[in-house]
Amino acid sequence: MTRPSFFKVAAIGGTAAWLAVFALLPFLLILVVSFLARDPSSFVAPSFSLEGYATIGDGAFLRIFLDSLAWAAITAAACLVLGYPFAYGLARLRTKRKNLFLLLIIIPFWTNSLIRTYALIFILKAQGLLNTLLLGLGLVDQPLEILYTDTAVLVGLIYTLLPFMILPLYSSIEKLDPRLLEAAKDLGAGRFRAFFAVSLPLTWPGILAGTMLTFLPALGMFYVADVLGGAKSLLIGNFIKNQFLTARDWPTGSAASVVLTGIMILLLLFYGGSGKGAPRKPEDIGA
Amino acid sequence: MMKKFLVLALALCLCLLISLPAWAAKGEVVVYNWTEYMPDAVLAQFTKETGIKVVYSTFDSNEAMYAKLKLVGAKGYDVIVPSAYFMQKLRAENLLRPLEKAKLPNLKNLDANVLDKPYDPGNAYSVPYMWGGAGILVDSAKFDPKTVTSWADLWKPEFKNQLLLHDDVRDVFGAALLIKGKSLNTTDAKDIEAAYALLEKLVPNVRVYNSESPKTPFLNKEVAVGMIWNGEAMRAIEEDSKLVFVWPKEGGMFWTDCLAVPKNAPNPDNAHAFINFLMRPDIAKAIVEEVGYCTPNKEALKMLPAELRENPTAYPPAEVLKRSEFQNDVGDAALVYEKYWEMLKTGK
Amino acid sequence: MLRRIRLAYMALVYLFLYLPIVVLIVFSFNNSKYSTGWKGFSLRWYGELLSDAQLLDAALNSLTVASLSATCATILGTLAAWALHRYDFKAKKLFQTGLFIVIMSPDIVMGVSLLMLFVAVQLEPGFVTLLLAHITFSLPFVAVTVASRLAGFDKHVVEAAQDLGADEYETFRHVILPMVMPAVLAGWLLSFTLSLDDVIISFFVTGPGYEILPLRIYSMVKLGVKPVVNALCAIMVAATVVVVFASQILLKEKK
């Protein structure tokens, strides 16, 4: 028991090494490159430069950042508003088939987001289901031009990310002890009061987890903007992709990635600080 | 029971791993081409005749192709299809492998007028694949094509949110430059800035930027007017006869696309075999009949039906060519173009 | 009354989530090239899929990468979960945070950072880079799945095994592993799905000669709506449903 077991060393060391090489190191590379200069014929020039950050701080690009943040925020908020009542209803379901209903949410969670985005085209396009319905019911006389607009991208983001909000919320709400709510009622609280004073604070970790799982991807899912937005709408993800694969401005792309990671770390600190602590995430994510 | 499952899974992985080298041993040619630019039937026929497998992937702009090529270090791909105006850059950066003319006997089928151009003297590194130009497509079900005769017409307020533009910096800026009476290939930063100022006013009209398949939004009735390459127009009109193609009065924007072999191509012999195959008259004919652009292959041209050869969309008449320009390399000014392009696409 | 509203709302959300997919699947059987009107039931698009050699190649490649990466990720992830459960070591907190950060990291940042790593060491983008990337993002999911299973584990069993003379490895192999096997297998299935579904990270690290299915679908999708794409998507959705079902059954097993 005194000699460290080879197995123990292998188990810990092996995975730690993997993470260090393939998760930590790449990120450090990005950090470094964000401070280098651009080279038109190679990838980066090995000289210190702040042009990467300067470019993203510049007027036009700052606008995409802020726009993208706004959209991600709207997406997360919409998912929260749409998802909370659903998760609540699901948690309160008293039926033997509860697992089946849960499974019906888990399936879209694991289905390829690209496929789900593509599926939306059938609904939103000029000759798609939505327009056919609206025209048929006489609610509009010209087909709505939704595809290739910002609205379409927003709908796409909300549609794709809704399950990512519902599952953590459900996990959290499920753990809510109904006796607490009863106690609140006994003390004279109305339904709304009970909700805001008891349910909401206790499900806060779920709300935070869900927000992170919708906000961060909403910033990066460039294919939603590509497929539904007509290459006009730019998320931070599209911007980063362009910098690396078309404009070939690696320092700028890296700078943008660093900022994106910064946002993530901020959210994580916020989450960690809310008293839930890192290791408990698994159940909240509900995989 | 669980153990058996695990054993099965591992066995499966092992089998796959073992068969990996087997796949690599078979001859293959890795082709990197524009989208919708080569019929599947042609690829299938190549494999049938030579036994060489074609691994095919696509890009939608020269810039994207160039970025990918640099990323892989000019390895991995056997045949690429850059536009002529990019050839200069690729040659200067030593990214291409010189062609072995002995392996390309079908070169004799090409029209001598398209060979030995300044972008690739002596065709040391490339052979022309197809040429074509960008013009305007109008959905006559929505707008009268007779009212659209110039690039400037795209700016009309009634086209708000109806417009399609290529997701291509040179095409979009080219249109603005032509309106201003400048050359498509200007390197003057002031001209480019003026073009940008003009384009800023066009943005409210733009519904979608698309270079992957410009005809699709037209066919889906999402857009009713916009810029399009003549080959795409040919295919679009085939499917929807209400669409009308117009060569603008300032001229079309012409280009030539070439076949080239990257410097560190893994299968150079197969690459040459493929390129030679494409220059066969019957193959070239099959390609343009499906894709709709102009072939530089004079033998194939002879084999085309008269109605195709005389179609002004597919084969622009001499007077159109006279007033039009071919896109060329702009050297370092490319960075200026790109800067304004980014600003255009990110602005609202 | 409130309950009725709640249930109605839930039904609406389910409808919202499933309608587009159902429509997509329905149109994969439409005997028309342009998904505008229903022209009769047909399996021709599925037939076309089977005869598209390139697509089959991409599918085979995807399955290869998915199974290999799932296997490696499962091995590493299970070891990681066990290490975290069993041992107390100095960098434990750091390790846990590391796993968590990989789960939370936006795909785009992982994609470009891995691309940069491979360029820096001059590793050619292709099968190997794809495999390494997929193992990396699947690893934490397996760790988390197995860890939740280990959480409810009785420590006495381990003590008993050690009293009987088993060393660390033997304890793991003969006592722990059979016990967490359902979670391990569920982890394998989830990694497999993650690998098949990944678009963003694969987009950056894949190479010229190695085409995979999600990227192929991406190219096809960008070219517009085509029934063949519907058929392909329908198959992938079906595959996902099967895998999710299987993993849920495994996870719910009480041993």
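Student: Helix H1(A) passes H3(C) in a left-handed crossing, and I would like to know what the word left-handed refers to here.

Tutor: A crossing has this hand if the near helix is turned anticlockwise from the far one by less than a right angle, and is right-handed if clockwise. Helices are DSSP runs (H or I, at least four residues) and strands are E runs of at least two, numbered from the N terminus. This is a predicted model, in which local features need pLDDT of at least 70 and side-chain atom pairs pLDDT 80 or more, while totals for chains, interfaces and linings use all residues. Residues are numbered from 1 along each chain as its sequence is written, with chains lettered from A and ligands numbered from 1 in the order in which they are written.

Student: What is the angle at which H1(A) and H3(C) cross?

Tutor: Two packed helices are described by the angle between their axes and the distance between the axes. For helix H1 of chain A (residues 6-33) and H3(C), the axes, which are lines fitted to C-alpha atoms over the stretch in contact, come within 8 Å and cross at roughly 120°, on a scale from 0 to 180 degrees between N-to-C directions.

Student: Which residues of H1(A) and H3(C) meet?

Tutor: From H1(A) they are A:Ala11, A:Ile12, A:Gly14, A:Thr15 and A:Trp18, and from H3(C) they are C:Leu76, C:Leu79, C:Ala80, C:Trp82 and C:Ala83, where contact requires C-beta atoms, placed from the backbone, to lie within 7 Å.

Student: How many residues of chain C are in contact with chain A?

Tutor: Across the interface, 72 residues of chain C are in contact with 69 residues of chain A. On the chain C side, the elements that give two or more residues include helix H1 (2-27), helix H3 (53-86), helix H6 (127-151) and helix H11 (227-252) of chain C. Among these elements H1(C) gives the most, with 12 residues.

Student: Which domains are assigned to chain B, and how far apart do their centres lie?

Tutor: Following bounds from an automatic or database assignment, chain B has domain 1 (26-131 + 255-309) and domain 2 (132-254 + 316-346). Their C-alpha centres lie 25 Å apart, and 16 residues of domain 1 of chain B are in contact with 16 residues of domain 2 of chain B. On the domain 1 side, helix H4 (84-92) and strand S4 (126-139) of chain B give two or more residues, and the largest share, three residues, comes from H4(B).

Definitions and conventions
Contact = placed C-beta atoms within 7 Å.
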